[in-house]
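Me: I have a protein model to work through. Let us take it in questions and answers, and keep each one brisk.

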Amino acid sequence: MGNSCVAGASSYHFHVKQTHSERKCLIPLDEVLKSSDFLVDDSCVFGVRILKADVSSQNKPIVIPKKPITVQNIFLQKKGFIKGIYTWTMNNFLDMKLPVLSPEFDVGGQKWHINMHPLGDQYSTNSLSLYLYLHDQKKLPLESGMMIELTLSILDQKHGKHYTVTGRFVFATNAKNGWGWSNFIPLKTLMDPSRGYLVGSNCILKADATIIGSSNDG
């Protein structure tokens with residue numbers, strides 16, 4: 001890892017056909033790992049400032065709008081995790097064709113829903129789609145954020161071998177209020193009677209959501 005580097009603080013010009021910056025080195029990675037100036041309690045903060053310049057005419061000076069810089073830190077918590085478990089039982093799963101929201105449930109003082117697309121959404125490939133949605137994102141304090149570790153399971157009602165997927169997502173103001181998986185489980189697997197995920201028209205979904213990080217360092 002001696003040749004590995006952390007991307008440097010530089011300026012870049014983006015054009016229509018250029019969607020990412022060049023890779024440049026600010027500091028070798030091994031120096032970052034050894035220094036207490038960059039790593040504090042296994043946490044490291046990166047920052048970026050984006051300026052939009054008007055260069056429509058070479059005879060006019062470049063104009064850089066003066067806007068406040070927003071900095072948001074999501075701290076990974078080491079203790080005091082807030083966890084919620086929700087079980088959603090559907091007795092008429094085979095009748096569901098359109099997207100449906102689960103009843104709301106509470107985690108960390110916020111209301112959440114599971115958004116299910118029984119036949120998949122526009123991004124899926126013959127799969128069930130599942131997403132976790134924050135009920136009212138506008139109620140979050142300004143510039144606040146939460147890192148959620150989410151485990152969604154389709155329960156095996158015959159053998160106890162549940163189908164489980166886990167991921168981490170950040171919910172924050174001025175960001176998406178829903179995260180999840182467009183290809184959560186193949187419909188062929190879900191409908192297989194030997195798997196026990198669907199018994200008759202009965203399907204049981206379990207959600208384990210834990211707040212593992214927040215805008216408050218704790």
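Me: Is Arg 195 buried, partly exposed or exposed, and what is its relative accessible area?
Reply: This is a predicted model, where local features need pLDDT of at least 70, side-chain atom pairs count only at pLDDT 80 or more, and totals for chains, interfaces and linings use all residues. Residues are numbered from 1 along each chain as its sequence is written, and side-chain values use heavy atoms, with hydrogens and water left out. Buried means under 20% relative accessible area, exposed over 50%, and partly exposed in between (1.4 Å probe, protein chains only). Arg 195 is partly exposed, with a relative accessible area of 36%.

Me: Which residue forms a salt bridge with Arg 195?
Reply: A salt bridge is a side-chain nitrogen of Lys or Arg within 4 Å of a carboxyl oxygen of Asp or Glu. Here the closest N and O atoms are 3.8 Å apart.

Me: How many residues apart are Glu 149 and Arg 168?
Reply: Their side chains meet in a salt bridge, 2.9 Å from N to O. Helices (H or I, at least four residues) and strands (E, at least two) are DSSP runs, numbered from the N terminus. The pair links distant parts of the chain, with Glu 149 in strand 9 (residues 145-154) and Arg 168 in strand 10, and the two are 19 residues apart.

Me: Why is strand 7 described as largely enclosed by the rest of the structure?
Reply: Strand 7 covers residues 110-117. The reason lies in its buried residues, which number 7 of the 8.

Me: Over how many bridges do strand 7 and strand 8 pair?
Reply: Two strands pair if DSSP finds at least two bridges between them. Strand 5 (residues 100-101) pairs with strand 7 in the antiparallel sense over 2 bridges. Strand 7 and strand 8 also pair in the antiparallel sense, and Ile 114 stands opposite Leu 132 in strand 8. Their bridges number 6.

Me: Which residue in the turn between strand 6 and strand 7 has a positive phi?
Reply: Strand 6 (residues 105-107) pairs with strand 7 in the antiparallel sense over 3 bridges. Phe 105 stands opposite Trp 112 in strand 7. The two strands form a hairpin with 2 residues between them, and the residue with a positive phi of about 65° is Gly 108.

Me: What is the phi of Asn 126?
Reply: Asn 126 is found in the loop between strand 7 and strand 8 (127-134). It is exposed, with a relative accessible area of 62%. Although Asn 126 is not a glycine, its phi is positive, at about 50°.

Me: How far apart are the C-alpha atoms of Phe 171 and Met 146?
Reply: Phe 171 is found in strand 10 (residues 163-172). It is buried, with a relative accessible area of 1%. Phe 171 and Met 146 are 25 residues apart along the chain, and their C-alpha atoms are separated by 5.3 Å.

Me: How many aromatic pairs does a search of the whole structure find?
Reply: Rings of Phe, Tyr and Trp (its six-membered ring) pair if their centres lie within 6.5 Å; planes under 30 degrees apart count as stacked, over 60 as edge-to-face and the rest as tilted. The search finds 6.

Me: Why is the pair of Tyr 163 and Phe 184 called edge-to-face?
Reply: Their ring centres are 5.7 Å apart. Tyr 163 lies in strand 10 and Phe 184 in strand 11 (residues 178-186). The planes stand at 65°, so the pair is edge-to-face.

Me: Where is confidence highest in the protein chain?
Reply: pLDDT is the predictor's confidence in each residue, from 0 to 100. The chain averages 75, and 56% of the residues score at least 70. Confidence is lowest in strand 1 (residues 5-7), at a mean of 50, and at 95 it is highest in helix 2 (residues 187-191).
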